[in-house]
Amino acid sequence: MTFQLYDINGPIDTIPEETAVTVGVFDGVHRGHQQLLSHLSPSTSHLSPLAVTLTAHPSFVLGRRDSEYWLDDPEEHLRLLFEAGMKYVAVLPFTAEVAQMTACQMARLMYNQLNMRSLLLGYDSRFGSKQNDDFDRLTQLATELGFEYLHGEPFLLDGDPVSSSRIRSSLADGRVDDTAALLGRPYSITGKVLHGRGVGHTIGFPTANIDLSTTRKMLPREGVYAVRVSNHIGMANLGPVPTFGVDNPALEVHLIDYNGNLYGQTVTVEFIRRLRDIVRFSSSEALEEQLQKDLKACRQT
């Protein structure tokens with residue numbers, strides 16, 4: 001069983017230093033994760049901070065969840081972990097073999113392969129097989145092998161812990177402003193700009209059609225949003241376009257006062273605020289009138 005090892009420059013073969021390790025899915029690398037990760041690299045420690053993360057949600061692989069929509073994409077996931085202060089990241093492919101490993105077996109693996117000399121877990125974190133549960137023996141194992149074993153504290157926002165499930169709930173409701181507060185940054189979707197139907201040009205609102213097929217991320221609730229692409233404010237329709245008979249979900253973005261050509265480029269769309277539901281208009285003129293109102297709301301964002 002082998003970890004996929006990375007430093008900030010890309011894949012590496014070995015971890016040459018003694019490390020302070022934390023383990024988790026770290027979906028979205030939200031503010032709770034960021035607080036935990038920050039405690040791995042105190043200025044007085046000689047240990048290098050390392051995060052162990054997984055290639056799949058255990059709850060999905062083990063059948064406890066119907067879908068596997070993440071809060072980040074793979075490259076974004078690594079980047080966010082390094083931005084949170086990690087010197088190394090060890091990715092563990094979540095297989096049936098891994099699912100059968102006990103907590104102590106996993107800890108021994110990290111001790112031997114990752115030079116782990118300190119293990120920090122989140123306040124509610126557990127790992128290892130539930131069928132062969134020896135998680136409570138980690139304290140004893142830490143004494144036997146000689147590594148430090150610590151637990152972090154929850155990061156509270158408005159009195160409740162920040163969690164990936166809380167973020168998913170806010171996205172499902174379209175509360176992307178709340179999502180940003182929980183993540184510590186705007187929620188975003190990255191995709192390539194494809195040629196669309198061209199209808200937006202006919203009513204004075206040309207749009208960039210974002211390819212959603214390459215992202216593993218959860219989409220916010222369907223609706224019209226104020227968004228940002230690079231430094232440009234815009235408005236986006238996420239979902240169907242019923243006025244023009246389009247039923248398939250799409251992400252179409254109109255950038256305000258932008259005259260460039262985005263076709264073929266990969267862009268990141270940041271969701272700032274949900275403006276309204278998607279509705280069917282009686283005519284393109286009625287839609288244009290509403291879009292002017294949306295435009296004004298976006299300029300005030």
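Because the model is predicted, local features need pLDDT of at least 70 and side-chain atom pairs count only at pLDDT 80 or more, while totals for chains, interfaces and linings use all residues. Residues are numbered from 1 along each chain as its sequence is written, and side-chain values use heavy atoms, with hydrogens and water left out.

Start with the packing. The largest nonpolar core has 36 residues; such a core is a set of buried Ala, Val, Leu, Ile, Met, Phe, Trp, Tyr and Cys residues joined through side-chain atoms within 4.5 Å. Buried here means under 20% relative accessible area, against over 50% for exposed and partly exposed in between (1.4 Å probe, protein chains only). Met110 and Leu119 have the most contacts inside this core. Among the elements that give it two or more residues are strands E3 (19-23), E4 (48-54) and E6 (116-121) and helix H5 (103-113); helices (H or I, at least four residues) and strands (E, at least two) are DSSP runs, numbered from the N terminus. H5 gives the most, with seven residues. Apart from this core lies another, of 27 residues, with Leu157, Ile167, Val176 and Val229 among them.

Five of its five residues are buried, so E3 is largely enclosed by the rest of the structure. Thr19, Val21 and Val23 point one way, while Ala20 and Thr22 point the other way. Two strands count as paired if DSSP finds at least two bridges between them. E3 runs parallel to E4, with five bridges joining the two, and threonine 22 has alanine 51 of E4 as its bridge partner. Setting aside residues up to four places away in sequence, leucine 119 touches Val21, Val23, Met110, Phe127, Phe147, Glu148, Tyr149 and Leu150, where contact means heavy atoms within 4.5 Å.

Past E3, phenylalanine 26 sits in the loop between E3 and helix H1 (31-38). Phenylalanine 26 is buried, at a relative accessible area of 3%. Beyond its neighbours within four places in sequence, its contacts include Ala51, Val52, Thr53 and His77. Leucine 71 is 45 residues away from phenylalanine 26 in sequence, yet the C-alpha to C-alpha separation is 9.4 Å. Histidine 77 belongs to helix H3 and is buried too, with 4% relative accessibility. Besides Phe26, histidine 77 touches residues including Val25, Asp27 and Arg216.

Now for the second largest pocket, which holds about 400 Å³ of space. On a 1 Å grid over the protein atoms alone, a pocket is an open set of points where a 1.4 Å probe fits, with protein on both sides within 12 Å along at least five of seven lines; lining residues have an atom within 4 Å of a point. Grid points are joined across faces, edges and corners, and a volume is the space filled by probe spheres set on the points. Of its 16 lining residues, Asp73, Glu76, Arg79, Thr190 and Thr268 are the closest to the centre. Helix H3 (74-83), strand E10 (187-194) and strand E15 (266-276) each supply at least two lining residues, and E10 gives the most, with four. By type, the lining has one nonpolar, seven polar and eight charged residues; Ala, Val, Leu, Ile, Met, Phe, Trp, Tyr, Cys and Pro count as nonpolar, Asp, Glu, Lys and Arg as charged, and the others, Gly among them, as polar. E10 and E15 pair in the antiparallel sense over six bridges, with isoleucine 189 partnering valine 269.
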